[in-house]
Amino acid sequence: MVNPEEIYARLASASPAQIWATAEALATTADTVRESARSTDAATNAAQGWTGEAADAYARRVDAIVDAASLAEANIAAAQQALERVARTCEEVRQRADRVIEFWRVMVTMTAGAGLRELAAALGGELRRLADVYNDQLRAQAVVLRRLTPAFARTTATVPPPGSDPADVARWWTSLTEQQRNLLLVTEFERLGTLAGLPAKVLDVANRRRIDADRTRYAGRRAANADAAARNLEQAVNNAADNHLPADEIYVLSYSPDGPGRKEGTLAVAFGNPDTAGNVAVTVPGTGTTIGSDFTGHAANLRGEMGAEGNATIAWLGYDAPVWDLSVASDLGATDGGPRLASDVEGYRAAAEAAGTPRQHVTVIGHSYGSTTVGYAGMSGLDADDIAVVGSPGVGTSDAGQLGGATVWAGGNEHDPVIQATNGSYFTEDGSTGPYDPAFGARQFDTDADVGTAGAHSAYYDHGSDSLRNLARIAAGDDSAVTERSYLEAPIAPGGDLPMPGASTVYRLGYEHGQVVGDLVTGDLTGAVRDAADGVATVIGGATGILR
Amino acid sequence: MPGDEGGAVTGFAVDPDALRTAVAPRLLAACDQLSGAAGLAETATLPATALGAVDAAGEFAAAVQALVTEHGGDLERGALWVDDAAEAVVQAAGTYEEMDREAVDRFTLIGHERW
């Protein structure tokens, strides 16, 4: 037999008071939004005496705010009304259900047998019909709520997800109104800063805001990385000044308080607008570089040497550069960083294309371990016209032809201890041929033969150096002006895969024997390069000494 | 002229102090109100049990929850937008004043050089 009490209990458990309370909270919300629109209007009135282009821009912004706030108020009010309809229906259904169940409770004491069953069925049916009315109202008002579009977000537009194709991102940005762009920079700078393909000026605003925000909202590692990025940007201004470059042409193209690997953060800083420059050069630093290192000097010096007009350079630390420990002997940072570099360069090209700049001449330069990263980028679709490596321990391949079709240039100081220790082929897959070997197929350019061991590995971007002059010529596409290196100044012995005494062979031998490699990497290469920097020893001497 | 693609500015009038003391505070009040509205919206929750043990209770309660979350976040976004406008007004006031000071300095310097 149908039990009307059960059906009634399901209806009676509703709390119209709670529904009304929720509606009331929304009403208060709508009132507060209305007050904010009034305050904004008052601000407009207070600015009546302000005229000019800035005042006009301000007025447009305020109008948009008032429009959005009005829509937000209307949305919340509509939601409030939906709640009120539900509450009213709930109360009406409850009143009718109360009458039905009261009738049932009276009749159940007076009726029995088939008559009772018929009555139960009839009253149960009536209660179910009431429940259906209520369910229909709930479903109808749920539809109303779901159709309410957030007001400010509607003005904002939807940001493409991370990892979107840079060309798609560039097209999306172009499709937005000025108002939408401005609003996005205020409300969605977190997501904008991580998108490849946006204009440099947009990325700069977004990433500087991200850095500022990270410095205050995080503690520990992330805050430290954000602080380091901020300091680095201050140093970038100094580096620009050292090269007579304007400080307002520095753009933060990317930043992360995390980054891959050891989570030491990433940062890419441009000198000059890469969206409009005819020549763009990307400098990739090597071992020991962190977000706290002054690594933008290379790019600043390069643009200074190239000349600011029509040229932009980018200091790119978008990978986990190894530190001077066992990680320097691993190509992990380079194999992971190479595709990241290729992707970012794709983003630079997409932004330039969207800006209407004819196809640019792009050069990617890797120093030290950075050259290994550039090599893996070349094997991962890097769209560069020229690739240059300096102080390279190897680029992952023994053939310049595998680096994506770019013209490949190799520069090595005669006394560079890293080249001598690695023969320029340590990070070559088969261990045979590095970029300083004629069989590799790179064009050897002149660097600075007279730099001693102490500074030879770190002198490639020095002001006044042959190396910097030639890198600038390569980056400017002035190939014919690049001076060739004399064979007498080669950093490795003639004969290609014949190493300098001890160096590469010893290093590789050590790598294959755990204990020895530990000595070599931490006690030999590390120590030797550091010693070399102090003008005390050479890697080769250190290496052979360790093995004795 | 405003809207002129050539970008030539033909003139402007401004009281930087009014921007700082009359305009910006009203915008900041609007920002606080929007932020407060966002907080209020997020308190407007409704458990499904308050709607009774009927079939559509869960659907409606979920719609309410989605609304307050989404629109509450939207109002926060609006508050940020207004805050940015207030900040820009204060910055503009400073820029106007700085421009004026620099002009004074230049004229003062010219006087020294001549005399």
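In chain A, strand β7 (residues 407-411) runs parallel to β6(A), and five bridges join the two; helices (H or I, at least four residues) and strands (E, at least two) are DSSP runs, numbered from the N terminus, and two strands pair if DSSP finds at least two bridges between them. The model is predicted: local features need pLDDT of at least 70, side-chain atom pairs count only at pLDDT 80 or more, and totals for chains, interfaces and linings use all residues. Residues are numbered from 1 along each chain as its sequence is written, while chains are lettered from A and ligands numbered from 1 in the order in which they are written.

**Confidence**

- For the complex, the predictor gives an ipTM of 0.87 and a pTM of 0.63.
- The average pLDDT, the predictor's confidence in each residue from 0 to 100, is 86 in chain A, where 86% of the residues score at least 70.
- Residues 496-548 of chain A have a pLDDT below 50, and this stretch has 102 contacts in the model beyond near neighbours in sequence; two residues are in contact if their C-beta atoms, placed from the backbone, lie within 7 Å.
- Chain B averages a pLDDT of 87, with 86% of the residues scoring at least 70.
- Over residues 1-9 of chain B the pLDDT stays under 50, and the model has six contacts for them beyond four places in sequence.

**Composition of the chains**

- Chain A contains 19 helices and eight strands, whereas chain B has two helices and zero strands.
- Of the 548 residues in chain A, 51% are buried; a residue is buried if 20 or more other C-beta atoms lie within 10 Å of its own, exposed if 12 or fewer, and partly exposed in between, with C-beta atoms placed from the backbone.
- Of the 115 residues in chain B, 36% are buried.
- Among contacts with a separation of 6 or more, residues 24 or more positions apart account for 72% in chain A and for 76% in chain B.

**The sheet of chain A**

- Eight strands form an open sheet with mixed pairing, in the order β1-β2-β4-β3-β5-β6-β7-β8 (chain A).
- β1 (250-256) and β8 (443-444) of chain A are the edge strands, each pairing on one side only.
- β1(A) and strand β2 (residues 266-271) of chain A run antiparallel and are joined by six bridges.
- Within this pair, Tyr251(A) stands opposite Ala270(A), and Ser254(A) has Ala268(A) as its bridge partner.

- Strand β6 (residues 386-390) of chain A is mostly covered, five of its five residues being buried.
- Asp386(A), Ala388(A) and Val390(A) point one way from β6(A), Ile387(A) and Val389(A) point the other way, and all are buried.
- Strand β5 (residues 361-367) of chain A pairs with β6(A) in the parallel sense over five bridges, and His367(A) stands opposite Val390(A).
- From β5(A) the chain crosses through helix α13 (residues 369-378) of chain A to β6(A) in a right-handed β-α-β crossover; right-handed denotes that, with the strands pointing away from the viewer, the path from the first strand over the helix to the second runs clockwise.
- Towards β7(A), Ala388(A) stands opposite Trp409(A).

**Helix α1(A)**

- Pro4(A), Ile7(A), Tyr8(A) and Leu11(A) are buried in α1(A).
- Seen down the axis of α1(A), the buried residues fall within an arc of 100 degrees, so they line one face of the helix; the arc is that of the directions from the helix axis to the C-beta atoms.
- An α-helix has 3.6 residues a turn, so residues three or four places apart point the same way.
- The buried residues of α1(A) pack against α3 and α4 of chain A.

**Contact between chains A and B**

- The contact takes 59 residues from chain A and 50 residues from chain B.
- On the side of chain A that touches chain B, the elements giving two or more residues are α1 (4-12), α2 (16-46), α3 (53-107), α4 (113-146), α5 (151-156) and α7 (178-187) of chain A.
- α2(A) gives the most to this side, with 16 residues.
- By class, this side of chain A has 34 nonpolar, 18 polar and seven charged residues; Ala, Val, Leu, Ile, Met, Phe, Trp, Tyr, Cys and Pro count as nonpolar, Asp, Glu, Lys and Arg as charged, and the others, Gly among them, as polar.
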